[in-house]
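Have a look at the model first, then try each task before reading on.

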Amino acid sequence: MEKRKGREVVVSALQFSCTDDVAANLATAERLVRASHKKGSNIILIQELFEGYYFCQAQREDFFQRAKPYKDHPTILSMQKLAKELGVVIPVSFFEEANNAHYNSIAMIDADGADLGLYRKSHIPDGPGYQEKFYFNPGDTGFKVFQTKFAKIGVAICWDQWFPEAARAMVLQGAEILLYPTAIGSEPQDQGLDSRDHWKRVMQGHAGANLVPLVASNRVGKEIIQTEHGNSEITFYGNSFIAGPTGEIVAAADDKEEAILVAEFDLEKIKSKRHSWGLFRDRRPDLYKVLLTSDGSNPLL
C-alpha cells in the first residue's frame, strides 16, 4: 500500500505588551510577524484586540470611538499587505462597528493577502475588569472554519475558549487547527485569583478531545484604565502556548516577556490518528439534544 505523504504546517503564537497607541502596537505586531516568518511559520496568531489597551475594564462611552467598520479597516489592510508579502496566514482581531451594532471580531487573512471572511465572538463575558457586554453584541456568524493555503482553520476568541461546544463545532466542520486569540490576566476584584493553569488545561482538553493542534495567544503587561469608580488595573499573564493533538504543550511562553512560539505539525499524520481513534465515529448526536437547553430540560427554539 502506498504511504500517504505528510502535510507539514508551522504554526506560531505571538505575545507582547500593548501600549494604547494603535500605530505602535501595529509596528510591534508586524515586527514579530516578520520574525516568526523567519523561523518558518506559515500561520501566525496575534493576540486579541492588539490595537490598544484592553479597554473593557471600564464602561466608557468614549471607548466606542475605537470601533471601525470591517470594510477598509486600516489594520486589516496593513495585515493583508504583510500576509501577501510574506506568504503567511494572519487572523486579525479588531473592534468592529456595523451600523449600530458592535462586535469583537476576527478577519482571516490568507497567505496571498485575500480576506477570507469574518468571525464575530459568540460568548461575551461580563464581570469585574472584563465588561465586554457593554461594548459587544453577541456574534451572529456562528462558528466558522476557513480554508487557507496551509490548513482548514477554526478561530474563536478569548471567552469562547472556555466552551467545549465551540471547539467541537469547528472540528466537526473540518477544522484541522484551532486558534484562540486572548486577553486575560488578573481579576481586579480578587488579586488572589489566578486562572492561568485552569485556562491552559481547558484548551488542552479541546485539543485532546478533538485530536487537533491548538494555538493560544495572550498579551502581557500591566494596563490601567480610568473608570467611573477610579482606576482599574489588570496584569495580563501571557502564558501563550501551542498544544499538540493529545493536549500536550509543545511550546509555551512565560507571564512577562515578549515571545514568538513556533511548532510544526504533520496534518496528514494527525488526520489519520484522529480518524483511527474513533472519537468522531462513535459520537451520538441523537443523544445530545440536552445541549440545546439552558436548564437541561427545556429545548431552546
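**Exercise 1.** Is Trp 199 buried or exposed?

*Solution.* This is a predicted model, where local features need pLDDT of at least 70, side-chain atom pairs count only at pLDDT 80 or more, and totals for chains, interfaces and linings use all residues. Residues are numbered from 1 along each chain as its sequence is written, and side-chain values use heavy atoms, leaving out hydrogens and water. Buried means under 20% relative accessible area, exposed over 50%, and partly exposed in between (1.4 Å probe, protein chains only). Trp 199 has a relative accessible area of 1%, so Trp 199 is buried.

**Exercise 2.** Classify the ring pair of Phe 55 and Phe 95.

*Solution.* Rings of Phe, Tyr and Trp (its six-membered ring) pair if their centres lie within 6.5 Å; planes under 30 degrees apart count as stacked, over 60 as edge-to-face and the rest as tilted. The structure holds 19 aromatic pairs. In the pair of Phe 55 and Phe 95, the distance is 5.1 Å centre to centre with 25° between the planes, and the pair is stacked. Next, burial: Phe 55 is buried at 4% relative accessibility, and Phe 95 is buried at 2%.

**Exercise 3.** Now classify the pair of Trp 199 and Phe 241.

*Solution.* The ring centres of Trp 199 and Phe 241 are 5.7 Å apart and the planes stand at 90°, so this pair is edge-to-face. Phe 241 is buried too, at 0% relative accessibility.

**Exercise 4.** Which residues form one aromatic cluster?

*Solution.* The cluster consists of Phe 55, Phe 63, Phe 64, Phe 95, Phe 134, Tyr 135 and Phe 136.
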